[in-house]
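The following note sets out points for a colleague who is about to examine this model. Please read the points alongside the sequence and the coordinates.

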Amino acid sequence: SRVLGVFLLLMAGAAALAYDVVWDGIRAVLHLSPNFASLADAALILNIVHCCIRLASEGEEIPFACIAMLILFVQLCAQIGEEKIRRDTYKVAGSAREPIGIFWHDGATPHLVKAPLADTNTFAKHIVLGEQRKKIERLVTLSAVVIAVILSAIVCASTGDAGRLIYVLAATVTGSCQIALIAASVMARQSAASRLAHCGAASDSDKGADKMAQTETVVLTDEDLFPAGSVTLANLELHSSLNESTALAYAAALTQDSSLGSMLAEEVRTRYGKPLPVHQLTQYMGGVSGQIGRLEVLLGNQAFMTSRGVAVGDMSDNALALSLDGDLAAIITVDYAVPAVLFHAMQKLMEQKTTIWLHSRNQQIMPKLVERLYDLPAGTVVVPDLEQNRALRNPAYTRDARLCALLVRDGLMGTADCICAARAQRKAQHTGILIGVCASVVCMLLMMYLCYAFVPSDAHPIRLLIYMVLCFIPIFFLDNGVGRE
């Protein structure tokens with residue numbers, strides 16, 4: 001009886017120390033949305049009632065008091081993990097001066113696309129809600145309670161001993177509260193959030209992360225693939241009376257808002273040239289046209305210029321021809337270099353079997369060029385049709401899209417980190433939940449059998465503890481590996 005009294009005091013103390021978990025479970029039940037905290041509360045209450053019954057009458061059953069307290073502690077750690085996820089996410093969101101969002105856009109081919117964010121309020125709202133996690137916890141908790149009640153009723157009806165109902169309920173409900181199951185829903189997301197925060201990125205770690213994980217197509221621009229510093233002017237061949245600065249200024253005006261345009265604008269400045277305003281800028285496959293002053297200016301590759309009736313002769317793949325009113329004015333040759341970090345990021349995306357939609361304002365950057373420089377298989381990079389390309393240029397394109405992640409800095413590296421972390425997180429979560437559910441079902445059935453056979457020595461709490469720890473070990477290593485790729 002002294003030992004039982006100590007158990008009661010310890011469980012009461014654990015409930016007081018983990019007040020947040022206990023109240024969270026009660027509040028979830030009152031809102032008709034029970035969660036894992038509710039299941040932990042049920043295990044604790046049933047073991048407290050069982051201890052009280054044992055104090056009032058003799059019996060051989062050993063209460064699972066230590067297991068109930070351990071479950072309460074694990075649930076408390078899970079809640080702390082949720083707060084750490086929010087901390088890392090809000091830290092990234094708060095540090096972003098010009099945040100970039102990764103959106104999931106539905107359609108014939110679902111794809112991920114980046115766009116500037118006006119504010120981070122929408123992103124923060126997704127973090128707070130977490131409806132998908134609540135649904136999973138509600139389903140698992142209700143299923144565990146129903147199965148425990150059914151198994152307990154079967155045991156009591158088979159043995160004809162209704163007096164052991166509380167003990168059987170305590171055994172089966174405690175067995176259903178596997179620490180592997182509780183940890184699987186948090187540890188993978190916490191590991192992913194921590195890794196992404198170091199990279200200046202954040203995922204909503206819920207439905208948005210699932211959307212990223214399931215989408216196999218991502219839209220990348222020329223600035224993602226060849227940022228400032230990776231594009232250099234190799235040669236400028238003049239075919240008219242234009243001087244170098246003027247010819248480069250015409251080309252810079254037509255390629256504005258791209259890494260090539262930034263490089264050409266800088267070349268104009270170094271030659272003391274002036275930028276030129278452009279009107280009626282129109283993008284085509286392989287080229288671009290615009291009105292500068294009274295001149296119709298074309299810039300594009302050999303195929304585009306030939307289709308517009310401009311004789312350019314033989315040109316290399318990395319060359320662009322400039323024409324004024326249909327006359328060849330200059331040929332600009334550009335070199336592209338791939339930084340090592342971007343090459344590594346692209347390889348990570350390829351490991352995930354991702355298809356690249358190339359949305360480029362630099363008509364020189366074509367799929368073959370990207371595949372050659374990034375060492376990609378043929379067909380990995382594709383150009384969307386003209387209608388889709390024009391839609392991607394519309395600032396309102398992502399208005400109805402699902403916001404999935406946030407980047408502090410735009411670029412390929414952050415995008416690859418988010419996609420890879422989301423897929424690793426989803427895989428770890430699903431595997432962990434599967435292991436946890438299987439461990440819970442097996443443990444409940446085992447407790448039912450031992451209660452039916454009435455072998456209290458075999459249903460020793462130490463053996464149940466060892467079982468729980470063994471089931472938790474693969475979850476620990478699997479979830480802590482998320483984001484390390």
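1. Helices (H or I, at least four residues) and strands (E, at least two) are DSSP runs, numbered from the N terminus. The model is a predicted one, in which local features need pLDDT of at least 70 and side-chain atom pairs count only at pLDDT 80 or more, while totals for chains, interfaces and linings use all residues. Residues are numbered from 1 along each chain as its sequence is written, and side-chain values use heavy atoms, with hydrogens and water left out.

2. Overall form. The protein contains 18 helices and 13 strands. Its radius of gyration is 31 Å, whereas a compact globule of 485 residues would have a value near 23 Å; the radius is taken over C-alpha atoms, and the globule rule is 2.2 Å times the number of residues to the power 0.38. Along the principal axes, the C-alpha atoms fill a box of roughly 110 × 35 × 35 Å. Of the 485 residues, 52% are buried (buried means under 20% relative accessible area, exposed over 50%, and partly exposed in between, with a 1.4 Å probe and protein chains only).

3. A ring pair in helix α18. F472 and F476 both belong to helix α18 (residues 461-480), where they are four residues apart, about one turn of the helix. Rings of Phe, Tyr and Trp (its six-membered ring) pair if their centres lie within 6.5 Å; planes under 30 degrees apart count as stacked, over 60 as edge-to-face and the rest as tilted. By this rule there are six aromatic pairs. The ring centres of F472 and F476 are 6.1 Å apart and their planes meet at 55°, so this pair is tilted. F472 counts as partly exposed because its relative accessibility is 21%, and F476 is also partly exposed, at 38%.

4. Other aromatic contacts. F226, Y336 and Y374 form one aromatic cluster.

5. Cavities. On a 1 Å grid over the protein atoms alone, a cavity is a set of points where a 1.4 Å probe fits but cannot get out, and a pocket is an open set with protein on both sides within 12 Å along at least five of seven lines; lining residues have an atom within 4 Å of a point. Grid points are joined across faces, edges and corners, and a volume is the space filled by probe spheres set on the points. The model has three cavities of 30 Å³ or more, and the largest cavity holds about 130 Å³ of space. It is lined by 14 residues, of which M285, S360, Q363, V383 and N389 are the closest to its centre. At least two lining residues come from each of β6 (279-284), β11 (355-359) and α16 (386-393); α16 gives the largest share, three residues. The lining comprises seven nonpolar, six polar and one charged residue (Ala, Val, Leu, Ile, Met, Phe, Trp, Tyr, Cys and Pro count as nonpolar, Asp, Glu, Lys and Arg as charged, and the others, Gly among them, as polar).

6. The second largest pocket. This pocket holds about 610 Å³ of space. Among its 19 lining residues, K114, A115, P116, T221 and L392 are the closest to the centre. β2 (111-116), β4 (217-221), α10 (222-225) and α16 each supply at least two lining residues, with β2 giving the most, four residues. Eight residues of this lining are nonpolar, four polar and seven charged.

7. Backbone points to check. Most residues other than glycine have a negative phi. D325, in the loop between β9 (319-324) and β10 (327-336), has a positive phi near 55°; D325 is partly exposed, at 44% relative accessibility. D375 likewise has a positive phi, of about 55°, and is found in the loop between α15 (367-373) and β12 (381-382). At 57% relative accessibility, D375 counts as exposed.

8. Where does R86 lie? R86 is part of helix α4 (residues 65-95) and is partly exposed, at 22% relative accessibility. R86 and A193 are 107 residues apart in sequence, yet their C-alpha atoms are 8.6 Å apart in space.
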